[in-house]
Amino acid sequence: MASLIHFESLLQKCNSLIQIKQFQAHLITTGKFQSHPSRTKLIELCALSPAASNLSFAAEIFRQVNAPKTNDWNAILRGLAKSPNPTNAITWFRTISRSPQKIDALTCSFALKACARALALSEGTQIHSQILRFGFDADVLLVTTLLDVYAKSGDLDAAKQVFDEMSIRDIASWNVMISGLAQGSWPNEAIDLFNRMKEEGWRPDEVTVLGALSACSQLGAVRQGEIVHRYIVDEKLDMNGIVCNAVIDMYGKCGFVDKAYLVFNKMSCKKTLITWNTMIMAFAMNGDGYKALDLLDQMVLEGMLPDDVSYLSALCACNHAGLVEEGVRLLDTMIESGVKPNIKHYGTVVDLLGRAGRLQEAYDIINSMPMMPDIVFWQTLLGASKTYGNVEMAEIASKKLVEMGSNASGDFVLLSNVYAAQQRWHDVGRVRETMKNSDVRKVPGFSYTEIDGKMHKFVNADQSHPNSKEIYMKLDEIRFKIKAYGYDAETNLVLHDIGDEDKENVLNFHSEKLAVAYSLISTRDGTPIHVIKNLRICVDCHAVLKIISKIYSREIIVRDRARFHRFKEGECSCRDYW
């Protein structure tokens, strides 16, 4: 025992590769290298070092061992799993599996961690079968790591099955599952699991609430977000700055920027750069451009230097609020402050100018900026060309997109829109034929609305909802009422050479209109309506929702792909600029 303590004490003092080599030499000269437990710790020390040369030396030490034990193999595996190339750990695991040495639960755990980092689903599935074969499935830590592999690799069905079959769970198991569902395509299920966790007597921690807040942000589920926030306050988890940042982000993405700002101002923990940036972006998304710029100034006054994210958030605020001159000046200020603009900053300014109809200036920036423009720049210019009916610029942007190999449905749809607005149906047909030959499909529009804590999803012309009959009756009522307010359908948006009445019917059944109609029949008078949409709101829906907000005295908050629209008393917070 004294000898073991002596060797471990010497090992702890090794801070460099030279000292490690000296320790190895000491083990060899004393005849302890092949049998002493410190040999494994030596390999592990090298393998876990940030220096790649130390990992290579760990492998060299391993090769000198006559009969390596499982712990020796695991030491190398652990280092490889944490290395910049975790796929090497998977290869090493295969080598162990073919060796006479038996693997243990730690072997599988380190290999699974490598699979999670490399998103190696197939290999993780194979290790899962070995875990079952060797009876390691009772190890809660190991199975939690397996959960992480399935969740991060996107196989949420497999993750859910593993989670449901666990005989014993710990807080980490719940956290991995909730985070996996939130980051994947199942945010509803993440919220349900968070609630189930509390019902079963567990106390969610900081990691848990971060996953739940992420799910609420994605869905715009503010009611559930408020429940999570109350829990955070009750459990004093708001002493954690990362949690507070997530709460601010959640309220901002749900359209409640005032509540986000209240949390920002009441924070008892120190505001970090991320905190300021999150709040500026919340103002930006909600169209509060001047407030975002004021906060940027306040940030500087309080001694916090803005970074590239701060400037990007402020530029987005200018973009969404139509503050063209302020945005152009801000880009100059950024450069003067020594913060180098990246492609996103230039892209935002191009979008800002394009939305303002200054297409030639936007085009000039694309051609003069110090980096090559990507597809998004030309898509932005194409969208602006559609808005202002500039066929020539639309064709330039479309040609560039084709040259860059873009095959996005939105590009074709925008060009078709430009032609349709000019009633150039032959060109519309040509674009549609190209889409057909290239197997390009338009992304379907869908919208969510939250009623009594439950999310309802609608697609365009949806008739699958249980209340479909009532929804369409409400749409008929809406269509009749808005005519009295001078509504004239934007039939030029429909890319088909059909009659105006048929075009109006197509527009009337957009997903956000279905969601609003359902909210009107499902909630009390005066209750705000919240809708989350996957695409940008169209001009016709924007016009209709403004009128609905006036007729029915309802505030309607719509979060589309780019920003928030808050409709109230016949006006929108975007001031018809989006």
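This is a predicted model: local features need pLDDT of at least 70, side-chain atom pairs count only at pLDDT 80 or more; totals for chains, interfaces and linings use all residues.
1. Overall make-up. The protein has 30 helices and six strands. It consists of 578 residues, and 51% of them count as buried. Taking contacts between residues at least 6 apart in sequence, 64% join residues at least 24 apart.

2. Helices H9 and H10. Helix H9 covers residues 140–152 and helix H10 covers residues 156–165; their axes come within 8 Å and cross at roughly 160 degrees. Because angles over 145 degrees count as roughly antiparallel, H9 is roughly antiparallel to H10. The crossing of the two helices is left-handed.

3. From H9, the residues involved are Val143, Leu146, Leu147, Tyr150 and Ala151. H10 contributes Leu156, Ala158, Ala159, Val162 and Phe163. Sorted by class, this contact has ten nonpolar residues, with no polar and no charged residues.

4. Aromatic pairs: Phe62 and Trp92. Searching the whole structure gives 14 aromatic pairs. In one of them, the ring centres of Phe62 and Trp92 are 5.2 Å apart and the ring planes stand at 70 degrees. Planes over 60 degrees apart count as edge-to-face, so this pair is edge-to-face. Phe62 belongs to helix H4 (residues 52–63) and Trp92 to helix H6 (residues 87–98). The two residues are 30 residues apart, and the pair links distant parts of the chain.

5. Burial of that pair. The cut-off for buried is under 20% relative accessible area. Phe62 has 8% relative accessibility and therefore counts as buried. Trp92, with a relative accessible area of 18%, is buried too.

6. Aromatic pairs: Phe264 and Trp276. The rings of Phe264 and Trp276 also have their centres 5.2 Å apart; their planes are at 80 degrees, so this pair is edge-to-face. Phe264 sits in helix H16 (residues 257–266) and Trp276 in helix H17 (residues 273–285), so the pair ties together parts that are twelve residues apart in sequence. Phe264 and Trp276 are both buried.

7. A ring cluster. Phe264 and Trp276 are also members of a cluster in which ring pairs link them with Tyr261 and Phe283.

Terms used. Residues are numbered from 1 along each chain as its sequence is written. Side-chain values use heavy atoms; hydrogens and water are left out. Axes are lines fitted to C-alpha atoms, for helices over the stretch in contact, and angles run from 0 to 180 degrees between N-to-C directions. Helices (H or I, at least four residues) and strands (E, at least two) are DSSP runs, numbered from the N terminus. Angles under 35 degrees count as roughly parallel, over 145 as roughly antiparallel, 65 to 115 as roughly perpendicular and the rest as oblique. A crossing is left-handed if the near helix is turned anticlockwise from the far one by less than a right angle, and right-handed if clockwise. Contact means heavy atoms within 4.5 Å. Ala, Val, Leu, Ile, Met, Phe, Trp, Tyr, Cys and Pro count as nonpolar, Asp, Glu, Lys and Arg as charged, and the others, Gly among them, as polar. Rings of Phe, Tyr and Trp (its six-membered ring) pair if their centres lie within 6.5 Å; planes under 30 degrees apart count as stacked, over 60 as edge-to-face and the rest as tilted. Buried means under 20% relative accessible area, exposed over 50%, partly exposed in between (1.4 Å probe, protein chains only).
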